[in-house]
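Please read them alongside the sequence and the structure.

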Amino acid sequence: QAKDDGRNTFRYFTPGLHRAMSERLDLEQKLRQAVQTEAFCLHYQPIVDMHQGTVTGVEALLRWPQADGSFISPDRFIPVAEETGLIETLGQWVLEQALADLAKWHARGWPLTMAINVSGAQLQHTKGDGFDMLLAKALERHQLDASQVHIEITESMLMDDNSRGLVNLRRIARLGCDIYLDDFGTGYSSLSYLKKFPISVIKIDRSFVERLPQGESDAGLVRAIVNMGQSLGMKLVAEGIETEAQWQFLASLGCDYGQGYLLSRPHSFEEISAWLPQQQLPGQCVNQ
Ligand code: C2E
Ligand code: MG
Ligand code: MG
Ligand code: MG
């Protein structure tokens, strides 16, 4: 405990802080080991074409299963993986696993697309192959077309003034993969990046979808985002659709794709494989 010497000091080492630090160290150690033993799995959440009502693809979402059957949320461990550099190895595992599963779906007659979340740290790494090379090799290995793979990045990645990130994004776009801007509207960056970066699809953040259609300010915001995206020639995906009313409202605005618990929660490869034929016939997916 810090000694209060009577001047303008603060206690910088409280029991609460100590607990937080040791919990964080504990998580970091567990994560390091889990990355080594590949103790992760991917869940997939369907993405639906709102005009046609067909499943066009899935988003890969990382899961870290625990001994008691629960999962640690990626929102908790991805930031730790980024700070420790473990994200590079973990991200490579995600890429490999997601493309292997996509190739299996294609072989079974489901021409789905695969959306993969990529952190800024993965796009900036300097040792060995850059992310674009890893991606090109993985596409080749699984004989997939680049247009079948979407790369999701967030605004924070565009904010830190990093030219390496931009160079790498351009390389990924040149391979033929569409770049999706995830969680749109939650960052603090200026809109000029929409011109500067090779973004072809905007994902409207769940927080704006939540209060639709009654929430007037959110309805106005979402309408503005859809109009802006359309005038820039971009496609729009709405995330976090949980109700029929939200779906109807977004479809009426001309939103292209939808994703959310209303359609399906994220599930394992086998569960989604069993779910797909109940939605539509094989080969019926619309290939963008
Ligand atoms: P995200 O990419 O924005 O993914 C959408 C999140 O919303 C997922 O949370 C998903 O399960 C959740 N979600 C989808 N539909 C609904 C809905 O209708 N209602 C509600 N309440 N939630 C919904 P999840 O799986 O916990 O992932 C959280 C975040 O972790 C992701 O946000 C993404 O930023 C990150 N993440 C997940 N997998 C990876 C990965 O492989 N690599 C990287 N770098 N980040 C990842
Ligand atoms: Mg995402
Ligand atoms: Mg999102
Ligand atoms: Mg998110």
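1. Of the 23 residues around ligand 1, those that come nearest are Arg 63, Asp 182, Arg 206, Glu 242 and Tyr 261. A residue counts as near a molecule or strand if one of its heavy atoms lies within 4 Å of it. The model is predicted: local features need pLDDT of at least 70 and side-chain atom pairs pLDDT 80 or more, while totals for chains, interfaces and linings use all residues. Residues are numbered from 1 along each chain as its sequence is written, chains are lettered from A and ligands numbered from 1 in the order in which they are written, and side-chain values use heavy atoms, with hydrogens and water left out.

2. Glu 242 places a polar side-chain atom 2.5 Å from a nitrogen atom of ligand 1. For Arg 63, a polar side-chain atom is 2.8 Å from an oxygen atom of the ligand. An N or O atom in the side chain of Ser 119 lies 3.0 Å from a nitrogen atom of ligand 1. The protein buries 86% of the 800 Å² that ligand 1 exposes when taken alone (accessible areas by the Shrake-Rupley method with a 1.4 Å probe; for residues, only the protein chains shown count as cover).

3. Which elements each supply at least two residues of the shell around ligand 1? They are β2 (55-65), α2 (74-84) and β6 (178-184), and β2 gives the most, with four residues. Helices (H or I, at least four residues) and strands (E, at least two) are DSSP runs, numbered from the N terminus. By class, the shell holds eight nonpolar, six polar and nine charged residues; Ala, Val, Leu, Ile, Met, Phe, Trp, Tyr, Cys and Pro count as nonpolar, Asp, Glu, Lys and Arg as charged, and the others, Gly among them, as polar.

4. The magnesium ion (ligand 2) is coordinated by Glu 59 (OE), Asn 117 (OD1), Glu 152 (OE) and Asp 182 (OD), at 2.0 to 2.2 Å. Donors are N, O and S atoms within 2.8 Å of the metal (3.2 Å for Na, K and Ca); water is not among the atoms, so sites may look incomplete. The sequence spacing of these donor residues is E-x57-N-x34-E-x29-D. Asn 117 in strand β4 (residues 113-117) and Glu 152 in strand β5 (residues 149-154) are 35 residues apart, a pair linking distant parts of the chain.

5. Asp 182 in strand β6 and Glu 239 in the loop between β8 (235-238) and α11 (244-253) are 57 residues apart. Asp 182 also bridges to the magnesium ion (ligand 2), and the two ions lie 4.1 Å apart.

6. Asp 183, found in strand β6, has a positive phi of about 55° although it is not a glycine. Glu 38, in the loop between α1 (15-37) and β1 (41-49), has a phi near 50°. The peptide bond joining Leu 212 and Pro 213 is cis, with omega about -5°; Pro 213 lies in the loop between α9 (206-209) and α10 (216-231).

Technical notes:
A polar contact is a pair of N or O atoms within 3.5 Å; within protein, one must be able to donate a hydrogen and the other to accept it, and residues adjacent in sequence count only if both atoms are side-chain atoms.
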